[in-house]
Amino acid sequence: MATEVKVPTLGESVTEATVGQWLKKPGDAVKADEPIVSLETDKVAVDVPAPVGGTLGDIVAKEGDTVNVGALLAYVNEGAAAAATPAAAAPAAKAEAATPAPAASAPADEDEGGSLTLSPAVRRLVLEHGLDPSKIKGTGKDGRLTKDDVMAAVAAGTAKAAASAQAAAPAAAAPAAGPSRAQERVKMTRLRQTVAKRLKEAQNNAALLTTYNDVDMTNVIEARAKYKDLFEKKHGVRLGFMGFFTKAVCMALRDIPGVNAQIEGDEIVYNDFADISVAVSAPNGLVVPVIRNAESLSVAEIEKTIGGFGKKAKEGTLTMDDMKGGTFTISNGGVFGSLLSSPIINPPQSAVLGLHRIEDRPVVRDGQIVIRPMMYLALSYDHRLIDGREAVTFLVAVKNAIEDPTRLLIDL
């Protein structure tokens, strides 16, 4: 008996998705609730599980197809049958007998990933760097490899490709000539298309302006170094800088409510809560989950929430609810080494704070030139709603709270 696999409900106002990757092939054994296909929505990737145990039958929707909620994706044949659907089994057997040559391609797939399931982006990285994916420990969902896993292996110099045949083939085929001019054309993921659309929408519709400042991180660094061990022992999470900055932002938003507002038609909507969007790097691109009511959370609760988002983003398990809403965004480009940048707001929000790397710089304190760990801050905002005075006042409030963390405790 064949059971239909259909596109599940994807979330509020989400009616369609793109088939990103089939995690199983026709004839593969599957367990009930085991992910068999990954769908890409505008915000997150959703794994569709097998409704029953058995073998994967005919695949109806191919990779790259756009499918609506409730659409048929494939069939699962219940039981331990080793074939696809009965109708397809005989032709498949004839084709295999008539054309034995394609069987030679199977080892190639195994060389690239063995029994591992690799996303297109991960597969490209593995091939590009000549790595053996079976030697890389996957940290994604069900042990799957992520782009971060591959890049870590590249940085560590491990997992060199062991398949000499794979290396020999390009060497034999390539003439001993000049540099390569090869090109690869890859369709944009739905997530990347959505990011591009929204960023361009922000540029077209908002009057974007950025104000800059710098902040002396000395006191925050000292507080973190002094209490990080006790903090982790008590709360089970590392003490980072995002907790401090999130609390500082919440205090500044309370004092300058216009930065926490948004334009809807000819009205301004003021929010008396702070839902802080935090930009997190995921294998498929940048995602922005939301810390709900951050103004009422402690630093420990904020760090736990951010840590949970990072883990879910790496595993590809972020949900639509995790991403929905948000009144203000914090983007930390400093973790990638950025010294200074002008972030773009995330519509319909009206402002975004950009954090950057910390580096020792000479500054003047009490008439003396001293070395301090400094960070540049950048606040991009919609000038239609937020005046320059408000933007500068907001950024100075964040700067003051970070330079004197006691302000966070006594609410100044």
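## Strand β19 and its partners

Strand β17 (residues 351-355) pairs with β19 in the antiparallel sense, over 5 bridges. In this pairing, Val-352 stands opposite Ser-380 of β19. The model is a predicted one.

Strand β9 (residues 208-216) also pairs with β19, which spans residues 368-382. The sense is antiparallel, and the count is 9 bridges. Thr-211 has Leu-379 in β19 as its bridge partner.

Strand β18 covers residues 359-365 and runs antiparallel to β19, with 7 bridges joining the two. Glu-359 stands opposite Met-374 in β19.

β18 and β19 form a hairpin, with 2 residues between the strands. One turn residue, Asp-366, has a positive phi of about 55°.

## Helices α8 and α11

Two packed helices are described by the angle between their axes and the distance between the axes. Here the pair is α8 (residues 242-255) and α11 (residues 388-403). Their axes come within 9 Å and cross at roughly 135°. Angles over 145 degrees would count as roughly antiparallel, and 65 to 115 as roughly perpendicular; α8 and α11 are therefore oblique to each other. Their crossing is right-handed.

## What the helices touch with

From α8, the contact residues are Phe-244, Phe-245, Ala-248, Val-249, Ala-252 and Leu-253. They meet Phe-394, Ala-397, Val-398, Ala-401 and Ile-402 in α11. By class, this contact has 11 nonpolar residues, no polar ones and no charged ones.

Conventions
Residues are numbered from 1 along each chain as its sequence is written. This is a predicted model: local features need pLDDT of at least 70, side-chain atom pairs count only at pLDDT 80 or more; totals for chains, interfaces and linings use all residues. Side-chain values use heavy atoms; hydrogens and water are left out. Axes are lines fitted to C-alpha atoms, for helices over the stretch in contact, and angles run from 0 to 180 degrees between N-to-C directions. Helices (H or I, at least four residues) and strands (E, at least two) are DSSP runs, numbered from the N terminus. Angles under 35 degrees count as roughly parallel, over 145 as roughly antiparallel, 65 to 115 as roughly perpendicular and the rest as oblique. A crossing is left-handed if the near helix is turned anticlockwise from the far one by less than a right angle, and right-handed if clockwise. Contact means heavy atoms within 4.5 Å. Ala, Val, Leu, Ile, Met, Phe, Trp, Tyr, Cys and Pro count as nonpolar, Asp, Glu, Lys and Arg as charged, and the others, Gly among them, as polar. Two strands pair if DSSP finds at least two bridges between them.
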